[in-house]
Amino acid sequence: MIDLHIHSTYSDGTWSVNEIFTKAQKVNITALSITDHNTIEAYNEIGKKPINFAGRLISGVEIDCIANNSKIELLGYDFDDFTILDAWLKEHYSLEKNKMFRRGEYDRLLKKMQEYGIKNNCDPIYENQEYLPHTAVYREIKKFESNAAFMSEAEWNSLETFFRTATTNAKSLFYIDYTGLLPSAEEVATSLRKANGKVFLAHVYLYGVNDHIQFIDELWKNEIIDGVEVYYTKFTKEQTDTLCDYCKQNKLYMSGGSDCHGDKGNINIGIGYGNLNVPESILTEWIP
């Protein structure tokens, strides 16, 4: 059993690095990657002290970026030049840069609501708020039943659907053009490869694009990705099979993981909601 998509307290997970290793060891994970958002601080810690894990540790990170004007995440794996990647991440995803991104995201969501006359009592400026922009806006939208007319039933009933699909779907009223708010997918891929890493597209079926396979196709043909996250907690068997066939036909690498955030979301390390099974054999193609 392997798990190549886990978050620690260095980003938005609830388990420390040591807790992750302890829990992974307990359930017999044989290969593991900590993939925190926009930081490799977990590996800076790991490099300074022994780890309580007998399996294979694969370096990893999950990076927010822009592709086709939509926000996506790319997974970087197996990099070994930590210094160069750490410096690039700290330059482009510093605390101040993150504040600027959140403000820009919030402003664009407010403009969308103003444009369509969507009722809300949102603060005019995003500054030190309790919730992230999407959450703050969604909570306000839900206070007015009449706003349901502006959203699909799935978007209205689920914050995650609103966050993941509405703002990345060009046909949605809440679609955001993220240009200028984050580095491009090309920039991220270049930086990961300078660190001798490999680039994978994370959880493609969570994005609100019209054609998911075409979306992968464009990234692959533009030499942005080396592989795809094929096995994922929220994928159906049919979705996983489709991605597996695509990768085999196009000679792309495959990865997979739970996207475990510790005690958040009822997603268990290694098995996701209970039936995730990422085969270790996929590593033979891209791990020496």
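Colleague: Why is His 7 called buried?

Modeller: This is a predicted model, and in it His 7 has a relative accessible area of 0%; buried means under 20%, so His 7 counts as buried. His 7 sits in the loop between strand S1 (2-6) and H1, and, leaving out residues up to four places away in sequence, it touches Asp 12, Gly 13, Ile 20, Thr 35, Asp 36, His 37, Glu 62, Asp 259, Cys 260 and His 261.

Colleague: Asp 259 is in that list of contacts. What makes its phi worth a remark?

Modeller: Most residues other than glycine have a negative phi. Asp 259 is not a glycine, yet its phi is positive, at about 65 degrees. Asp 259 lies in the segment after strand S8 (253-257), and with a relative accessible area of 7%, against a limit of 20%, it is buried.

Colleague: Which surroundings does Asn 28 have, buried or exposed?

Modeller: Asn 28 also has a positive phi, near 65 degrees, in a residue other than glycine, and it is found in the loop between helix H1 (17-26) and strand S2 (31-34). Its relative accessibility is 57%, and exposed means over 50%, so Asn 28 counts as exposed.

Colleague: How do you know that Cys 244 is in no disulfide?

Modeller: The structure holds zero disulfides. For Cys 244, the nearest cysteine sulfur is that of Cys 247, 7.1 Å away, whereas a disulfide needs the two sulfur atoms within 2.5 Å.

Colleague: Why is Asp 64 called buried, and what does it touch?

Modeller: Asp 64 belongs to strand S4 (residues 60-67), and its relative accessible area is 9%; the limit for buried is under 20%, so Asp 64 is placed among the buried residues. Beyond residues up to four places away in sequence, its contacts include His 37, Asn 38, Lys 71, Ile 72, Glu 73 and Tyr 93, as well as Leu 182, Pro 183 and Val 188.

Colleague: What makes H5 mostly covered?

Modeller: Eight of the nine residues of H5 are buried, including Pro 133, Thr 135, Val 137, Tyr 138 and Ile 141. The buried residues of H5 pack against H4, helix H6 (153-157) and helix H7 (159-164).

Colleague: Why are H3 and H8 called roughly antiparallel?

Modeller: Helix H3 (residues 82-92) and helix H8 (residues 185-194) pack at an angle of about 155 degrees, with their axes 8 Å apart. Angles over 145 degrees count as roughly antiparallel, and the two helices are therefore described in that way. Ile 84, Leu 85 and Trp 88 of H3 make the contact with Glu 187, Val 188, Ser 191, Leu 192 and Lys 194 of H8.

Colleague: Gly 208 lies in a loop; why is it called buried?

Modeller: Gly 208 is in the loop between strand S6 (198-201) and helix H9 (212-221), and its relative accessibility is 8%, where buried requires under 20%, so Gly 208 counts as buried. Leaving aside residues up to four places away in sequence, Gly 208 touches Arg 164, Thr 165, Thr 168 and Asn 169. The C-alpha atoms of Gly 208 and Ala 170 are separated by 8.0 Å, although the two residues are 38 residues apart along the chain.

Notes. Residues numbered from 1 in each chain as written. Predicted model: local features only at pLDDT ≥ 70, side-chain atom pairs only at ≥ 80, totals over all residues. Heavy atoms only, no water. Helix = DSSP H or I, 4+ residues; strand = E, 2+ residues; numbered from the N terminus. Buried < 20%, exposed > 50% of the residue type's maximum accessible area, 1.4 Å probe, protein only. Contact = heavy atoms within 4.5 Å. Axes fitted to C-alpha atoms, helices over the stretch in contact; angles between N-to-C directions. Parallel < 35°, antiparallel > 145°, perpendicular 65-115°, else oblique.
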